[in-house]
Amino acid sequence: MERNNLYPIFLKARNLNFLIVGGGFVAEEKLTFLLKSSPDAKVVMVSPMFRKGTIELAKKGCVTLIEDVYNKKYLEGRHIVVATTDIPEINVQVWKDCRALSKLVNVADNPPYCDFYMGGIVTKGNVKVAISTNGKSPTTAKRLRQFFEEIIPENIDDLVKNLNKYRKTIKGGFEEKVEKLNEFTKSLVEN
């Protein structure tokens, strides 16, 4: 049986520098989801042209638009790269350049050239759920995201904040605190 062996992490995007190569619809979509999840992300986009929506979106975030063709020099200082052009040779070159420089890279819609996938994300205050289908079905990830947006209560953030306050009042060692918090939160998953 095939399984998803991806390792999920939550990145502090404000501490990283992103590069998006491309300025079309897919680039705009990647930027939209990145800024929706991490509005303080620092992003550089390189493309000979940008969609009007991308230009407007860039004004709302910490996004620099560079009207130029891809060049390896744009990888300097970048941690994470997303290639979205409609020219496969350019996307593969971005991947090769990233591999040579140990940069994390995602070539949109081309799983063999991806170190990571940008999955579905549900955010309710401090609670964030990420969904991956191992690159097999973005549509399924989208539907699961919609499902979790509906099922996770709007007041979940209040619960998290209150549990954080409660956690700070618990006496004892780490194991005792975990045991008390587990007992206290058990009702969240019981029917």
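Reader: Hi! Where is Thr54 placed?
Author: Hello! In this predicted model, Thr54 belongs to helix 2.

Reader: Is Thr54 buried or exposed there?
Author: Thr54 is buried, because its relative accessible area is 0% and anything under 20% counts as buried.

Reader: Which residues is Thr54 in contact with, leaving aside its neighbours within four places in sequence?
Author: Those contacts are Gly23, Glu28, Leu31, Met45 and Leu65.

Reader: Let's look at helix 1, then. How many residues does helix 1 have?
Author: Helix 1 has 13 residues. From its first C-alpha to its last it reaches 18 Å, close to the 18 Å expected at 1.5 Å a residue.

Reader: And which residues of helix 1 are buried?
Author: Ala27, Glu28, Lys30, Leu31, Leu34 and Leu35 are the buried ones. Viewed down the helix axis, the buried residues of helix 1 fall within an arc of 160°, so they line one face of the helix.

Reader: Nice. Why would residues a few places apart point the same way?
Author: An α-helix has 3.6 residues a turn, so residues three or four places apart end up pointing the same way.

Reader: What about the other side of helix 1, which residues are exposed there?
Author: Phe25 and Lys36 are exposed on that side.

Reader: Back to the buried face. What covers the buried residues of helix 1?
Author: The cover includes strand 1 (17-21), strand 2, helix 2 (52-60), strand 3 (62-67) and strand 4 (80-83). Helix 2 is also where Thr54 sits, and Thr54 is in contact with Glu28 and Leu31, among others.

Reader: Changing topic: what is the volume of the second largest pocket?
Author: That pocket has a volume of about 240 Å³. It is lined by 18 residues, and the closest to its centre are Gly22, Ser47, Pro48, Thr85 and Asp86.

Reader: Which elements give two or more residues to the lining of that second largest pocket?
Author: Those are helix 1 (25-37) and strand 2 (42-47). Helix 1 provides the largest share of the lining, with three residues.

Reader: How do the lining residues of the second largest pocket divide by type?
Author: Eleven are nonpolar, six are polar and one is charged.

Reader: Let's zoom out. How many helices and strands are in the protein chain?
Author: The chain has six helices and seven strands. Along the sequence they follow the pattern β-α-β-α-β-β-α-β-β-β-α-α-α.

Reader: Last one: what share of the chain is buried?
Author: Buried residues make up 32% of the 191 residues. As for contacts with a separation of 6 or more, residues 24 or more positions apart account for 52% of them.

Terms used
Residues are numbered from 1 along each chain as its sequence is written. This is a predicted model: local features need pLDDT of at least 70, side-chain atom pairs count only at pLDDT 80 or more; totals for chains, interfaces and linings use all residues. Side-chain values use heavy atoms; hydrogens and water are left out. On a 1 Å grid over the protein atoms alone, a cavity is a set of points where a 1.4 Å probe fits but cannot get out, and a pocket is an open set with protein on both sides within 12 Å along at least five of seven lines; lining residues have an atom within 4 Å of a point. Grid points are joined across faces, edges and corners, and a volume is the space filled by probe spheres set on the points. Helices (H or I, at least four residues) and strands (E, at least two) are DSSP runs, numbered from the N terminus. Ala, Val, Leu, Ile, Met, Phe, Trp, Tyr, Cys and Pro count as nonpolar, Asp, Glu, Lys and Arg as charged, and the others, Gly among them, as polar. The expected span of a helix is 1.5 Å times one less than its number of residues. Buried means under 20% relative accessible area, exposed over 50%, partly exposed in between (1.4 Å probe, protein chains only). The arc is that of the directions from the helix axis to the C-beta atoms. Contact means heavy atoms within 4.5 Å.
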